[in-house]
Amino acid sequence: MKMLTRHINKQSSLYVFLSNLKQDKLALFGVVLLMAFVFVGVFSEQLAPHGPRDRHYHEEGGIRRLESPSWDHPFGTTDVGRDIFSQVILGTRTALMVGFLAALLVTIVGSVIGIIAGYFGGWIDSLLMRVVDFFYAIPFIPFVIVLAAVLQPSIWNIILAVSLLSWRTVARIVRSQVLSIAQRPYIKAARVAGAGHLRIMVRYILPNVIPLVLLEMAFMVNWAIMAEASVSFLGFGDPRVTSWGQILHINFISGYSRQAWWWTIPPGMAIVFLLLSIFFVARSLEAVVDPRLRKR
Amino acid sequence: MLPYIAKRLMVMVIMLFLIATMIFLMFRTMPGDPTASMVDPSIPREARQALLERYGLHESLWTQYQIFMKDLVRLDFGNSFFYNRPVLRVIGSRMPATLILMLSAMLVAYLAGVLGGAWMAWHRGSPLESVGVTFSLIFRSAPTFWIGLMAIMVFSVMLGWFPAQGMRSTGYTGDTFFEIFVNRDFLRHLILPSIVAGLYFLATPLLIMRNSMLEVMSEDYIEMARAKGLPERRILYHHAARNALLPVVTAGALFIGAAIGGQVLIEVVFSWPGLGREIVQAVTRSDYPLAQGIFIIISAIMMFMNLVADVVYAFLDPRITYR
Amino acid sequence: MSATPMISIANLSKHYPLRRGIKDIFRQDHQVVRAVDDVSLDIAPGEILGLAGESGSGKTTTGEIIVRLQEVTSGEITVDGHPLEASSRKDRKRFRREVQMIFQDPYETLNPRFTVFETIAEPLRIHGLKDKQEIARRVSECLTIAGLKPAEHYLDRFPHEMSGGQRQRVAIARGIVLRPKVLIADEPVSMLDVSIRADILNLLKRLRDEMGLTMIYVSHDLATIKYLCDRIAVMYLGKIVEIGKAEDVIAHPQHPYTQVLVSSVPVADPDYQREEVTVDDAVPDQINLPEGCRFTPRCPYAQPECLSCGHRLIERRDGQQSACMFSPQELRPRTIVQETAGSKG
Amino acid sequence: MLDVQNLSVEYKIQGGVLRAVEDVSFTLKRAESLGIVGESGCGKSTIAKALLQLLPKNGRISAGHVLFDGEDLVGKNPEEMRKMRQKRIALVSQSAMNSLNPVYTVGTQIIEAIRTHSRMTEKEAFARAVEVFSMVGLEEKRLKSFPHQLSGGMKQRAIIAMALSLEPDIIIADEPTTALDVVVQGRILQRIQKIHKEISSSMIFITHDISVVSEVCETIMVMYGGRVMEIADTNSFFRAPYHPYSLGLQNAFPSITEIGQEELVAIPGSPPNLSEPQQGCRFHVRCPFATERCSLEEPPLEEVKENHYSACWYTDKVESFRREAKKRDTWESVRARIEEQILQEETSEEMKGAGI
Amino acid sequence: DIADEDMGAPVPNLVVLSSLPEANRVNYEMAQELAEELAKIGVTLEARPTDFSVLLDVLYGEDMDYDAYTIGWSGRVERLDPDMFIHSINHSDNAVAGGNNTCRFSNSEFDILADAQRQEMDVEARREIVWRAQRILAEEVPRITLYSRANVQTYDKTRFTNMVNMSGEGLFNEWSPLVMEPLSQDHTVPVVASNINITNLNPFAARSVYDWRNLRLIYDKLVRLSPQVEPEPWAATGWEIVEDTVVDVTIRSGMSFHDGEPVTVDDVVWSYQTWMDLPDSYFASFTNPIESVEARDANTVRFVLNAPYAPFITTTLTQIPIVPKHIWQNVGDVTQYENAHPVGSGPFSFVRFRPGEELVTERFADYFFPVNIDGYIFKIYASPEGVLSDLELKNVDVISYDLIPAHINQIKSNEGGRFSHLELTEAPDIGFFYIGLNNNRPPFNNVDFRRALTYLVDYDYALDVLLEGYGSRGGGGLVINAANKFWHNPEVPIYDTYDPEKARELLAEAGFTWDSTGRLRMPR
Ligand SMILES: Nc1ncnc2c1ncn2[C@@H]1O[C@H](COP(=O)(O)OP(=O)(O)OP(=O)(O)O)[C@@H](O)[C@H]1O
Ligand SMILES: Nc1ncnc2c1ncn2[C@@H]1O[C@H](COP(=O)(O)OP(=O)(O)OP(=O)(O)O)[C@@H](O)[C@H]1O
Ligand SMILES: [Mg+2]
Ligand SMILES: [Mg+2]
Ligand code: NI
């Protein structure tokens, strides 16, 4: 019986986030859209009607080159008769994988370093912050290009490059949050009660930075997806992996970017919509992190 | 203030050396030596060896590093393998194009972003606010190269309003900075790329300004300003916006640094002869000195902008004093 | 103060270095904030000592040092005969059990993510209690002692579901759940509404009476100190300027600063005529402290001798010591020229 | 001079309205100083903002009038109202620390205030600023300081100076000393009293500290849960309060003057949640003398003595109340009552839970 | 049926290093196709896209560690001479690390022919040898040629006329600028679009054909190849083959450099000598056969070769630029000189160069050959896409690179008349793109396997789909294609059909077997 009357923690981030959704239509739209993308990403293999490299022929035998959208090929075909719809579907998985893996790496590294720096302070903090400064001074795209050249183009290297250069932001933001949390009386109370550093970091500080970290993670997901697309577009991507950036890259180098709008627009729109949905969700998260931004 | 700046500059120099070391090592571990792209495959092997020697690439890594560092101290980035001229001059000839494009993009973004952000915060909850946020986020979600391609398609090719490619009309004469950059022809070429880049940047000042305004508007001194009977406009611009601007300015300076490196895509799409395109080419052709040089210069600019951000902040906010 | 003191503080100092920059690492003359400077105190078992003083005078710092939230710069603290420096893990654990602290802000003192039960059970768990029933029992017990009855009603609540007074009670319950010997309360009621304050003060009093707790009560509010405490120690810029029985210090302040402090307290009695002691209302810079007596720049009775005052506590009345070189009868109007104090520019 | 009639203020909040101030009436004579006291959240600041028409967007005056020199301020157009502020009614706000814009010098901000409402030149405004600065005991050079260069007390004085600068008819001081140290607070209170005596402005002084009112104000108004419980001449109030809430407050207050400490007695329970609809006397839940009637009907504010009003059904029984209120047990019974009620609620909640 | 263990060794897992799609999309796709085809016959081949410079590093590196790759030889004019495609890339002498025979093909019969064609000064006899060599290559299949690209380019026919289109060179060749005529007096300076940057104005440091295309118009040469690819006396008025190894060249009189200094025999000798002293120059392979060069009199230069070298006139003399001695002798290391303002004696003089933007030249008024245009502007774009936009906007008059099929189609279809002003030109290319096989490694050391492989390549897919028909078909071992009419042996290639069934048959015949998992095994 006790269980039934359990109190809900109305301050919990999830609660605030969900109740925010009720008011913020854009955020709701973002969540729904994002879930749709995730669904497509997870089941992309099942959903894609064709392989990314399959060639399609007319009944008479000719190749279905550059066909505008039709029932058979909802987004039309490429210059060598490939199904763009399937490519876009399969690209969803790549985008989500790159985005989430990179963001995960970034946020884990960034928050661990941020928490350590902010919590311990002193020379540890100074040292870590100098490392952060160092990474702040490295230009992103040039670095990714060089790294891609050093390690050869592959999707993993892009994830690595994004992670290497982006954890700094998270670390910095988490650190300043931790600095203020560490001064809260309830943290002091925990120390007075005898809690060790690890316990404080894990049980007290971490839960408080998680909403912020999630928010940063959302931005990082976007950043990583955008980075992958940009790097692929410049030709430093992984040509063996079907990704939106890669589709646009092939589209651009094939010379049909202007003529075949059905080839240019869907991958671009996919990027826009995925990123937009995450931004909307992030905005709602932002309201969780920063109550001032909440709508009354 | 001055000692503070001096100290920061000192730290900057140390950082630059670290970055230079990192980039040096990265290039040396890159597969494919520069001669591979320098000579035609039909050229004999001995020739390639001779080339390596000419550029000092046959030396041990440590010796190469020492030479590189010694030169760096003298601000000598060496000669570009490909241009056959000092790296600094190659960079110098490209830098203005990149800077101007970027600064005008920032100008577009900041003008629209700051005014729009302030307006949005003041008119909190109006439908136009959502529209503004969504608009800026759409452009932040769209890859610049993609928007750039679309823009060329629509505004240059279909409507013919702006030139599609390059920084000026073919065969345009003029040698001095002013002749090259201060004229209508150049401006016409600048408009499209700077708007495309500006739209991408827009979300940053817009959202920061909005959030910062919301924050400032809940400050007591705004209520106090109201209680003083000041007109709304004066409160908005003189008190709220002025204070809300602080984080925007900082973000801006940091952003300039980040934008320099990110300009590549715009430059490729618009055939803009800037530094971004140069570094891509330098990397693909293993033109070590040039790529290293550009990388280090961009890093230096980024760090410098960081410093500028802090200094400007101190100027805008009397509470901050640096020692 | 015949028995061995529960807490004994000897020559305690806490200096915060002013962090400036890289090149300062090589400098010897570190500039510091002397938050607490050479303070000595003995507190008897079961006694409640009030620490009074202006903002920034080092009250919180003293309290935090005693619970080891801060490292001391120099000096010794002995709690129940065990020196604070004891460094073995076990000693430290024991120490953590014996000394507890309660903080000022009822809205911040509880982890918003923990229920009341979790909050209070946490110290028990930290100290290795695993038996669930025992934990539950002790949590309820403490809640009841802290005046949250019926305890079950509160166990599942989150902090934001409670009023400020209730939160402060939960904080107190957390403070006593380990059955400490010493409790340090840092302005526990200053953020509470007047109508609720009395309850908390009474609760603290009861804890002393029933559990034999020794307490340090930190506050800038002399009225509550007087109500609660046996003795008062008045601090000014990191130094104790006066110490003595609570009633005596308030009725017969010996140090000019205490006089100012006492005369500044507003009194809810329209007929009350206060002795006016005027004083500059700006506290001097904490870094460049004045020579000699730190109150000299503001003191209405400052004499040239004050500049070489050694801050020695002198017994002026029975059990009442003051750091002023003069007894109240000897005080003469100020004769040294005022240098501008308190410009923080 | 100021006649507030049946003022009510509502805030729109998520899931309803919050009646922050209800049916508040009082008058303020020229050169009078009125102290408003009450627990946190009882609507003190809301009144101040409502008088100046400075309510936040979600707040509105739902009823009542604010007659200022015979003119109703409620419903005045914003521009006229704006001109009124500072010039006729000035506000000294709660947090001196944050009420000055950090990026402008104090002088700039005072001069701005002066010039917004008068035709003074920059020079004249400056001279005026110097004048008011000396009134509050600040040196002229402080005009050139940025807020962060001043101590809390100085900032508070600068704000008081700003309020004085146009010689307004009314100065509203909303907890002007809460954030300050005792010593500083003492000094500022002295100054305010002095200035108030020197100039002929009226003053509304808002605080949560009854003792401050006793030092500064001639009239006291006790609020509870958005309503006025008692208005009285300060002397009369401190000698013989009428309302049970006031009686409780007296018990709860430690004093440094009393010799031999009586035990303090708090008022059990907590203030009503204004976002829920209220019935009866706001205080009845925590009142040891409450009857059935108190929980159903709202007592009106009635004159009990000359210049002394109280909102209680049982003002006639005040003598016995005063006696009873001194006793601890009287209030403990309330605590028992409240605890019992909680238990009941809990059971019904659980029954509800079981029903699902 | 035989048990698995009785079969030969399994065919090892293979890797084909392909081009990156942006470098060469057709190669990239064909490598992927090959991987799929081989999978069907039980061979695992991974198509690994590789950066060009990395690929070169692997191919020319010490380790020679690779199975197969895709690459191509461009069809530069001097490669009309069969020496490069016969000797340099197939002779076993060059099958060493760093050599051009990156297929590591080694066949003694072929080597004899390759050496012989070099020394045969009689053209007909040489052709006979070259034909025989081609036949061996077609049978042995050291590599599989995929396709050759057609040089489709375009120019603005409303503004210029009399363009020359050259095989392997396209429109912006040595001749077009000399002979093209403006159609209006308003627009006499054509804009030539390039999608590749010019980096270098120093002829001694120039390393790519892209640098050369402008330098050869600024600097003059003794002989130029005519549009019909015949050597034509140019700065020289004639030559005389005194002996097999001695050639005398007579210099045209009255020529001057752009700075007004006269062109003398000394300049010619100095130029050749300097080039000969540079072992790593762009022209090293052309100057290597020269033993010495000297001035015989004021008008004659004598070249002494270290051995008879048939292509001397058509390659060496047509390539080496004449530089002004009075400028270069003072610069120290000629390869390190920036040469910011090149001074030559060619038909166009340098005006200015903005890296990444444009190179501007003007007509050299004192030139002996009448040029019709007043100069030209070589404009650099970041991508072909950008050029297309500017073609449409009439900002470009001539393009200097091969249009990609998509753009050819767009110009051809001329929607809305946007491209009416353009004329498309087409010339077959003598270069070719191929899949290189490391003949030293199993299974490619097995000639039957290589032949079978030729049946797994869909030549028509490459040509008709990927190239959209703009090019010519490849085939096993084809190195000199039909575009090189004189040297091409019409009987090759021999293996050039896509027929996976046939491939299986061939493999089975040759003793290859498939084990129980379907994996291909080498013959015992
Ligand atoms: N972490 C710190 N670093 C540097 N200085 C500090 C730190 N903590 C406190 N101080 C300084 O030490 C002095 C004493 O501070 P403390 O908090 O002990 O004062 P307090 O008497 O408790 O004041 P309050 O009444 O405002 O709580 C102050 O000047 C403060 O600025
Ligand atoms: N903008 C607002 N929106 C919603 N509710 C508000 C708003 N401002 C105040 N309230 C509520 O109105 C009631 C009265 O608030 P007010 O600030 O007037 O109290 P107060 O007496 O000044 O309290 P304090 O002593 O804490 O300053 C409170 O319950 C408060 O929560
Ligand atoms: Mg404190
Ligand atoms: Mg208030
Ligand atoms: Ni107080």
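How far does a polar side-chain atom of Thr60(C) lie from an oxygen atom of ligand 1, and which distance in Å answers this? The distance is 2.4 Å.

This is a predicted model, in which local features need pLDDT of at least 70 and side-chain atom pairs count only at pLDDT 80 or more, while totals for chains, interfaces and linings use all residues. Residues are numbered from 1 along each chain as its sequence is written, chains are lettered from A and ligands numbered from 1 in the order in which they are written, and side-chain values use heavy atoms, with hydrogens and water left out.

## Ligand 1 and chain C

There are 13 residues around ligand 1, and those that come nearest are Ser55(C), Gly56(C), Thr60(C), Thr61(C) and Gln286(C). A residue is near a molecule if one of its heavy atoms lies within 4 Å of it. An N or O atom in the side chain of Thr61(C) is 2.3 Å from an oxygen atom of ligand 1. The protein covers 63% of the 630 Å² of accessible area that ligand 1 has on its own; accessible areas come from the Shrake-Rupley method with a 1.4 Å probe, and for residues only the protein chains shown count as cover.

Two elements of chain C, strand E2 (32-43) and helix H1 (59-66), each supply at least two residues of the shell around ligand 1. Helices (H or I, at least four residues) and strands (E, at least two) are DSSP runs, numbered from the N terminus. H1(C) gives the largest share of this shell, three residues. By class, the shell around ligand 1 has three nonpolar, seven polar and three charged residues. In this division Ala, Val, Leu, Ile, Met, Phe, Trp, Tyr, Cys and Pro count as nonpolar, Asp, Glu, Lys and Arg as charged, and the others, Gly among them, as polar.

## Ligand 2 and chain D

Around ligand 2 there are 15 residues, of which Ser40(D), Gly41(D), Lys44(D), Ser45(D) and Thr46(D) come nearest.

| Residue | Ligand atom | Distance |
|---|---|---|
| Tyr16(C), side chain | nitrogen of ligand 1 | 3.3 Å |
| Cys42(D), backbone | oxygen of ligand 2 | 3.3 Å |
| Lys44(D), side chain | oxygen of ligand 2 | 2.8 Å |
| Glu175(D), side chain | oxygen of ligand 2 | 3.1 Å |

Of the 630 Å² of accessible area that ligand 2 has on its own, the protein covers 73%. Strand E1 (2-13), strand E2 (16-28) and helix H1 (44-52) of chain D are the elements that give two or more residues to the shell around ligand 2. The largest share, three residues, comes from H1(D). The shell around ligand 2 divides into six nonpolar, six polar and three charged residues.

## Chain D and chain B

Chain D has 25 residues in contact with 19 residues of chain B, contact meaning heavy atoms within 4.5 Å. About 2200 Å² is buried between the two chains, and carbon and sulfur atoms give 58% of this area. Val103(D), Tyr104(D) and Glu112(D) supply 25% of the area that chain D buries against chain B, more than any other three residues. Buried area is the accessible area (1.4 Å probe) that two parts lose on being put together, summed over both.

The interface of chain D and chain B has two salt bridges, each defined as a side-chain nitrogen of Lys or Arg within 4 Å of a carboxyl oxygen of Asp or Glu. Lys228(B) and Glu112(D) form a salt bridge through their side chains, at 3.2 Å from N to O.

## Chain E and chain B

Among the eight pairs of chains that touch, chains B and E have the most contacts. This contact takes 55 residues from chain E and 50 residues from chain B. The area buried between chain E and chain B is about 4200 Å², with 47% from carbon and sulfur atoms. Two salt bridges are counted between chain E and chain B. Arg89(B) forms a salt bridge with Glu338(E), where the closest N and O atoms are 2.8 Å apart.

Technical notes:
Polar contact = N/O pair within 3.5 Å; in protein donor to acceptor, adjacent residues only side chain to side chain.
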